[in-house]
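Please view the sequence and structure below before turning to the notes.

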Amino acid sequence: MSEPVEPSQVSRAARTRRSVLVAGATGLAAAPLWAAAPAAAVGARAAGPAAARSGDAADSPPLTPDRVLRILEDGNRRWVAGRLRHPNQTVARREEVAAGQHPLATVFSCIDSRVPPEIVFDRGVGDLFVVRTAAQTNDGLVQGAVEYGVQESLTPLLVVLGHQRCGAVVFAVETLNAGQEAPAHLKDVLDALRPAYEAAKGLPGDQVENTIRAQIRLTVHQLEHDALLEPFEREGRARVVGAYYSLDTGAVDFCF
Ligand SMILES: [Zn+2]
């Protein structure tokens with residue numbers, strides 16, 4: 001059901017999108033792009049490269065949430081099958097994005113060393129904004145980083161990526177089950193995971209797995225209701241999806 005996406009195709013789309021953004025992209029010092037720009041300009045940017053193209057729309061479709069999701073699914077299938085293409089990992093790509101970045105997606109994931117987003121989705125330099133914390137725990141700084149990633153480059157897809165046997169969740173479940181406190185800033189991690197722990201408590205099945213999935217769902221819910229992102233999700237210009245990564249198979253299940 002998915003279509004093949006050549007790296008050069010994505011790269012061309014990103015270049016076109018950059019040309020759309022040039023007039024309005026003034027960086028962090030400026031007011032938020034989406035909030036401050038006139039409606040027509042916002043519409044043109046959020047519509048992606050298709051809005052600015054005149055002749056190449058057929059061979060380079062717009063980077064809609066659906067299309068970016070298919071690109072990530074295709075990359076993950078290559079990772080699972082051991083047929084990586086390593087797109088956008090060349091010196092030419094490095095030079096291309098040195099002047100500006102327009103990633104396909106923002107990925108909010110765990111710090112786990114076995115779940116590097118660029119590898120499990122078979123992408124390269126300039127393709128993904130990546131925010132990583134233990135068990136993708138969220139707070140104001142993290143959510144601000146996510147907002148920035150989406151706002152700065154209008155990435156149409158935001159992926160919340162949890163994973164099998166998450167060590168931070170194991171730590172939280174064991175500590176909370178024992179009624180113990182966590183030392184130093186691990187207390188912050190514990191506090192951030194407490195809602196998922198409570199949501200999963202008493203459910204049938206494995207408590208850690210249930211808590212991992214609850215944490216993905218709750219984080220998706222938080223981001224779906226982000227004040228900056230919500231209007232664009234409502235209009236179909238951006239989407240938040242939850243995903244679960246299997247350490248055993250390498251497969252990402254976009255199940256939330
Ligand atoms: Zn983890």
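The axes of helix H9 (residues 167-177) and helix H10 (residues 186-200) come within 10 Å and cross at roughly 80 degrees; axes are lines fitted to C-alpha atoms, for helices over the stretch in contact, and angles between N-to-C directions run from 0 to 180 degrees. H9 and H10 are therefore roughly perpendicular to each other (65 to 115 degrees).

The model is predicted: local features need pLDDT of at least 70 and side-chain atom pairs count only at pLDDT 80 or more, while totals for chains, interfaces and linings use all residues. Residues are numbered from 1 along each chain as its sequence is written.

**The H9-H10 contact**
- H9 contributes Ala168, Val169, Ala172, Val173, Thr175 and Leu176, and H10 contributes Val189, Leu190, Leu193, Arg194 and Tyr197; residues are in contact if their C-beta atoms, placed from the backbone, lie within 7 Å.

**The sheet**
- Five strands form an open sheet of mixed pairing, in the order S2-S1-S3-S4-S5; strands pair if DSSP finds at least two bridges between them.
- Strands S2 (128-133) and S5 (252-253) stand at the edges with a single partner strand each, so one side of each is left without a neighbour in the sheet.
- S4 (residues 239-245) pairs with S5 in the antiparallel sense over two bridges, and Tyr244 stands opposite Asp253 in S5.

**The whole chain**
- The chain has twelve helices and five strands, which are DSSP runs (helices H or I, at least four residues; strands E, at least two) numbered from the N terminus.

How values were computed
Parallel < 35°, antiparallel > 145°, perpendicular 65-115°, else oblique. Contact = placed C-beta atoms within 7 Å.
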